[in-house]
Amino acid sequence: MQNAHDSQASGRLKSALRHPFAGFVLIGVLLIGLQLTAILTDGAWPKSSMLNGFASVMIYAIVGYGFTFLLGYAGLASLGTAGFVGLGAYITAYALKNMPGVPYVVVLLAALLVSLALGAIVGFISLRIEGIFLAIVTLGLSEIFYQLFNNWLDFTNGPNGASISKYPIFQTLLGMSRQDAQKAFYILLVIITVGLMMLTYNLGKSSTGRAMLAMKNSSSAAQAMGISLLKYRLLAFLLSTAYAGLGGVMFMSYLRFSAPQNYTIMFSLNILAAVLIGGSRNLIGTFLGSFIVFGITPIFLQDIPFFRENPWVINVTIGLIIILVVMFYPGGLTQLVNNVKASFKKADRRLS
Amino acid sequence: MSIQDILQTILNSLPMIARYSLVTMGIVLIFRTTATTNFAQGLIATVGTFFITWAALEWTALPLWVCLLLGMLVAFLLGMFVDIALIRNARHITPSGKQMITMGVMMILVNITPVVFNNLVIYNTQGRSFSQGILQFSFLEMNFNITEMGLLSFVIATILLVATFTALKFTKWGLGVRATAANETVAQMLGVNTRVITAFSWALAGALATVGGFFTGAGAPLSVTLMGNAQVFGFLACVLGGFGSFPAPILGAVIIPLIYNFAGNPNLMGPNAGMWQNLITFVAVLLLILIFPNGLLGKKYIKKV
């Protein structure tokens, strides 16, 4: 009896582990575990610089999830990501600084709405411009954002950058100390990241995601099957800009500083690299990709003198990885994991 | 705005037209032969320009124009290398995949160039540039001026572009490029060595853009972002003119500098014009592209299923 109960329980555990969300939750638990360890060891390990590194990985991963819709599902390469992230960041900075009475949620929604409105415009542009020219046009768009960030002094404080003094919600509303607020915001960030992973996964599996995939493979065939290019391209852009805007809000709220130099084409390229390395549609892959592109340097390499003195090494490596992934390994990390799994299974079969 | 002011603004645009059309010519050569947009074009030119500066300031006492030729050679080889090592082996990959490869190349070059040139904070060819003079002349009782360097860049660019177009029209290589552009497989079957044609196009693109880079850098501090604007505007010029033919993008490369210079004219746009010059140009060009999504001279591209 006891045995049967046990096997039933383990069966349930197994099926729970096989659930697609298990990996997302695991990442969340690990990230929160890091913060808890830091609290328990009183900041001895992991150091706050490491935690900040993971926080920025999460922020970039959020942006990456949005980009997944464009690159992974709709097959559109856009280089306008940086602009939308910057927009979210600067709206947050401006609102928190100049309108102290406005609740944070309203600021968040406002940033999302503005991003969505502009995303809709880009979406309409994308309908008029074919495939590979889109990257060029969005690159031009991203330059427009950069010029605005750099020159619209009243709104962005120009090249000196914008900053906010307090962590929103926790420090302003709940009156926590700076350190506590930072920890609390980190945990909020983990929750948002995991939530968005689940949302993105479900959207991808829904009819919306499948329609976008069909469009990626052949826009003509998709149209013939009754998929509206207008609707789904626009949707892909809206989703991606909304995520980017949210990423920008989080960027400003957690890191509390942003300058126009953050939002150059390099940023967009890095996001593209992160998504590409992860395997375009795999969310855990995108997280790992963001970790490789944005996280390794602040988390690990910062302590190694060689990399501190030669920051170019890691960027050159990322460039090389982009080329290698596109040329030889289009599935990215996901394909790598699957291949390793398959070869293990083969070895298993041979042994038994 | 007086007529004199309008003509002077057009005159001021000439050096920029020269530089951008050289970069644009390279982009369109590559696009026509390999069906991809080369995001590393500006960076290849930047490497060439860094080389010229390094050669002129630290390496040799050779005349500047020899250094320029050497820099062109470096970019020529670099462009050829990118094609032979990467793009040639990526023929089975989608155009946007190839585009991402060039973005990877761009990322590598951006980071490695300052290191290779040993973080030289180079003030470009100080005292060794061709000329710093300003040429003044009057025409129809109106006074105009242009920098000698600017005029020189325009003359050189015109010569190079005319030579390229002549080569496209009359040489065997040009015929090969046009055949490859029309249909690579058929060209191959008819005995055109498309590999050589493509590699040479990439090489030429690098060399032409380096001349643009040289004149962009002349007299200003060098940095890896030297050709950033030229790269983006070069692309936009191609889309604006229409990627479908060789001369059409050059039209784009003429229009964009004109918009840029008129947008920066304080008599027309007010005292803060310089600040918003870039922004206004980008907005205007993007609007034009929206109105003419196939380019000013382009035809509607119909995809066969």
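User: What covers the buried residues of α5(B)?

Analyst: A residue is called buried if 20 or more other C-beta atoms lie within 10 Å of its own, exposed if 12 or fewer, and partly exposed in between, with C-beta atoms placed from the backbone. In this predicted model, the cover over the buried residues of α5(B) includes α1 (3–34), β2 (142–147), α6 (172–182) and α8 (194–217) of chain B. Helices (H or I, at least four residues) and strands (E, at least two) are DSSP runs, numbered from the N terminus. Contact here requires that the C-beta atoms of two residues, placed from the backbone, lie within 7 Å. The buried residues of α5(B) are Gly150(B), Ser153(B), Phe154(B), Ala157(B), Leu160(B) and Leu168(B).

User: What span should helix α5 of chain B have, and how far apart are its end C-alpha atoms?

Analyst: The expected span of a helix is 1.5 Å times one less than its number of residues. Helix α5 (residues 148–170) of chain B has 23 residues and should therefore span 33 Å; its end C-alpha atoms lie 32 Å apart, which agrees.

User: How are the residues and chains labelled, and which parts of the model count?

Analyst: Residues are numbered from 1 along each chain as its sequence is written, while chains are lettered from A and ligands numbered from 1 in the order in which they are written. As the model is predicted, local features need pLDDT of at least 70 and side-chain atom pairs count only at pLDDT 80 or more, whereas totals for chains, interfaces and linings use all residues.

User: How do helices α2 and α8 of chain A lie relative to each other, parallel or antiparallel?

Analyst: Two packed helices are described by the angle between their axes and the distance between the axes. Axes are lines fitted to C-alpha atoms, for helices over the stretch in contact, and angles run from 0 to 180 degrees between N-to-C directions. The axes of α2 (residues 21–40) and α8 (residues 178–205) of chain A come within 9 Å and cross at roughly 175 degrees. The pair is therefore roughly antiparallel (under 35 degrees counts as roughly parallel, over 145 as roughly antiparallel, 65 to 115 as roughly perpendicular and the rest as oblique). Among the residues making the contact are Phe21(A) and Leu31(A) of α2(A), and Tyr186(A) and Met197(A) of α8(A). The contact residues divide into 13 nonpolar, two polar and one charged (Ala, Val, Leu, Ile, Met, Phe, Trp, Tyr, Cys and Pro count as nonpolar, Asp, Glu, Lys and Arg as charged, and the others, Gly among them, as polar).

User: How many residues does each chain bring to the contact between the chains?

Analyst: Chain B contributes 36 residues and chain A 33 residues. On the side of chain B that touches chain A, α4 (95–116), α9 (228–241) and α12 (273–291) each supply at least two residues, and α4(B) gives the most, with 13.

User: Where is Arg256(A), and is it buried or exposed?

Analyst: Arg256(A) is in the loop between α11 (229–255) and β2 (257–258) of chain A. Arg256(A) is buried, because 20 other C-beta atoms lie within 10 Å.
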